Number of protein chains: 2
Amino acid sequence: MARIYDVAAMGNALLDVLAPADDAFLLRHNIAKGVMTLIDEFRALQLYEALSGTREIAGGSAANTAAGVASFGAKGLYVGKVKDDPLGRSFAESLSQTGVQYTTNMAAAGPATGCCLIAVTPDGQRSMSTFLGASSELAPGDIDEAGIAASAVLYVEGYLWDSPGPKAAITRAMEIAKRAGRKVALTLSDPFCVGRYRAEFRELFDTRLDILFANEEEAMALFEVETFDEVLQAIRNWPGIAALTRSAKGCVIARGAEVHVIDAAPVAKVIDTTGAGDQFAAGFLVGLTGGKGLAECGKLGALAAAEVISHYGARPEASLKMLAANARLL
Amino acid sequence: MARIYDVAAMGNALLDVLAPADDAFLLRHNIAKGVMTLIDEFRALQLYEALSGTREIAGGSAANTAAGVASFGAKGLYVGKVKDDPLGRSFAESLSQTGVQYTTNMAAAGPATGCCLIAVTPDGQRSMSTFLGASSELAPGDIDEAGIAASAVLYVEGYLWDSPGPKAAITRAMEIAKRAGRKVALTLSDPFCVGRYRAEFRELFDTRLDILFANEEEAMALFEVETFDEVLQAIRNWPGIAALTRSAKGCVIARGAEVHVIDAAPVAKVIDTTGAGDQFAAGFLVGLTGGKGLAECGKLGALAAAEVISHYGARPEASLKMLAANARLL
């Protein structure tokens, strides 16, 4: 089948609700700092009322990546479930506006569109409380099979493992991608997510994955080691591509014996780290599907991450295509 | 079948690891304050290393209740799974020493005995990170069927819903108890636990439960209401007994139109609230199975809770039997 898309991204479709908060707020409301915790709708409403100065914006880790891919001028497809309610329609609209192809049927009934309440503390850290809602209803039948078969890379987020339907949908999507000779990429999403599904992620790593995205903590959790160097040794003979991000320390890209250590792109002031990993993956995959070498892919990832952490929100505000052209990376 | 035990308690068998910590520690280590979060063994080891001044002590919510029942001089049976490792043997020994009958087979293989890392902040709050380990391997075949059929009340903890095997074991245990004409009691364990299994808990409430234990937050989460009074109205026509605890405000006991408001028992200084709910349930059930009226049951619960919060650890240090005799409650 002819290639139509560069990246098919699959994930939990969520509206982000961002609000400033201090450490005392996190403690008072039983929020674990710096990680993602699943909550139910009742608690989501409680927290929403407790937060002030909220801003709503389309989010969802893989959806942010798809938006980043589009901002680079590459072709992205998104698979994820919302409900046909105001939040769901707003999510779909915001994604279509970026140029991403988004065809997943909206749910007519069932839980509301999911949301992620993000408390941003003055140190730039984000503490996420996620109500999965309709996103957990994604089923194998929702998958755009032709679209996935026509995408150079299928990119899935680890958060999808949190619900049985989406997990079955991923398995189906991976089969389609493999049969069409496409690459399969996974982002580990969160060290706690790795803790919940380590055995399954390790099996994927051993059998089906072509590309692994992980930050330092996630990778250490995956291999149950205490230092970054041990991670590097653990992936030493893996035939796939590992893209390991290290915040301000930049990233390390490895494929078998080929290892690149890439610095982070400079940022005047870090405002909100939400979406850094999502945009890194976007830049990296745009490079890879565009035939670039691994070092260039890493630099494109760093460029996109730097853009997104310099403002609130998890999607690029500037044109990543323009920024990449200015940096002579595309 | 003749009654042998007053209470058969079923829960996750855990070693508690208590340590003092401050709010900064909770924030730095991504721990949600005041609630129970499930973690994997890798993170358990990391946290264990990060804590200092740890004290290990047999815990597990329902096991604490069984120990409390024994301390009142009543007869308790415990069902929960450990591994045949040093922690598991220590758990079994500590329970047997209190006089509780504990016959569940230890696992010979599989995950280690579970543990609950409890960071106790200076305000007396406890933030729990639980590695379920062997406790999640409890299966229907592990159940002491004759023992449950011979217990006046089967008491199960909501935390058991976090793993599929234990959930099946509970279903089996409830069937046995019902067939033997015994009462079934559930403690909701944690508002987040209610968030995870609300639909199942509500169905149990509607169909199989005779006695419900919940604190204020858990009960509000169960019925998705914002005030305690709305909880009271929600259980107004329920034929079972609801024992609702409210920390320093005491408790409210209701059975249909019969409502009792009981004050908390005085405590010189609150040291550690771990186990307050567990011991309240012990006192309440000892009263109920001893033929006491609801108000006396509530007072026995309050007495046991006051004892346990006046020192570190979740099990009574003084003889509850003696304390109850001094207070002329037994």
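B:Asn30 counts as buried because 23 C-beta neighbours lie inside 10 Å, where a residue is called buried if 20 or more other C-beta atoms lie within 10 Å of its own, exposed if 12 or fewer and partly exposed in between, with C-beta atoms placed from the backbone. B:Asn30 is located in the loop between helix H1 (23-28) and strand E3 (36-38) of chain B, helices (H or I, at least four residues) and strands (E, at least two) being DSSP runs numbered from the N terminus. The phi angle of B:Asn30 is positive, near 55°, in a residue other than glycine. Most residues other than glycine have a negative phi. In chain A, A:Asn30 occupies the loop between H1 and strand E3 (36-38), has a positive phi near 55° and is counted as buried, with 23 C-beta neighbours inside 10 Å.

The structure is a predicted model, in which local features need pLDDT of at least 70 and side-chain atom pairs count only at pLDDT 80 or more, whereas totals for chains, interfaces and linings use all residues. Residues are numbered from 1 along each chain as its sequence is written, and chains are lettered from A and ligands numbered from 1 in the order in which they are written. The average pLDDT of chain A, that is, the predictor's confidence in each residue on a scale from 0 to 100, is 95, and 100% of the residues score at least 70. For the complex, the predictor gives an ipTM of 0.72 and a pTM of 0.82.

Chain A contains 12 helices and 14 strands. Its radius of gyration, taken over C-alpha atoms, is 18 Å, close to the 20 Å that the globule rule gives for 330 residues, so chain A is as compact as a globular protein of that length; the rule is 2.2 Å times the number of residues to the power 0.38. Along the principal axes, the C-alpha atoms of chain A fill a box of roughly 50 × 40 × 40 Å. Buried residues make up 58% of the 330 residues of chain A. Of the contacts in chain A with a separation of 6 or more, 77% are accounted for by residues 24 or more positions apart, two residues being in contact if their C-beta atoms, placed from the backbone, lie within 7 Å.

The contact between the chains takes 18 residues from chain A and 18 residues from chain B. On the side of chain A that touches chain B, the elements giving two or more residues are helix H1 (23-28), helix H2 (41-50) and helix H7 (191-207), and the largest share, three residues, comes from H1(A). By class, this side of chain A has eight nonpolar, four polar and six charged residues, where Ala, Val, Leu, Ile, Met, Phe, Trp, Tyr, Cys and Pro count as nonpolar, Asp, Glu, Lys and Arg as charged, and the others, Gly among them, as polar. Because 100% of the interface residues of chain A are also interface residues in chain B, the copies meet through the same surface.

In helix H8 (residues 216-223) of chain A, the residues A:Glu218, A:Ala219, A:Met220, A:Ala221 and A:Leu222 are buried. The buried residues of H8(A) pack against H7, strand E11 (211-215), helix H9 (228-234) and strand E12 (241-245) of chain A, together with helix H2 (41-50) of chain B.

In chain B, nine strands form an open sheet of mixed pairing in the order E6-E5-E1-E9-E10-E11-E12-E13-E14, two strands being paired if DSSP finds at least two bridges between them. Strand E1 (residues 5-10) and strand E9 (residues 151-157) of chain B run parallel and are joined by five bridges, with B:Met10 opposite B:Val156 in E9(B). Strand E10 (residues 183-187) of chain B pairs with E11(B) in the parallel sense over three bridges. Both faces of E11(B) are covered, with B:Ile211, B:Phe213 and B:Asn215 buried on one side and B:Leu212 and B:Ala214 buried on the other.
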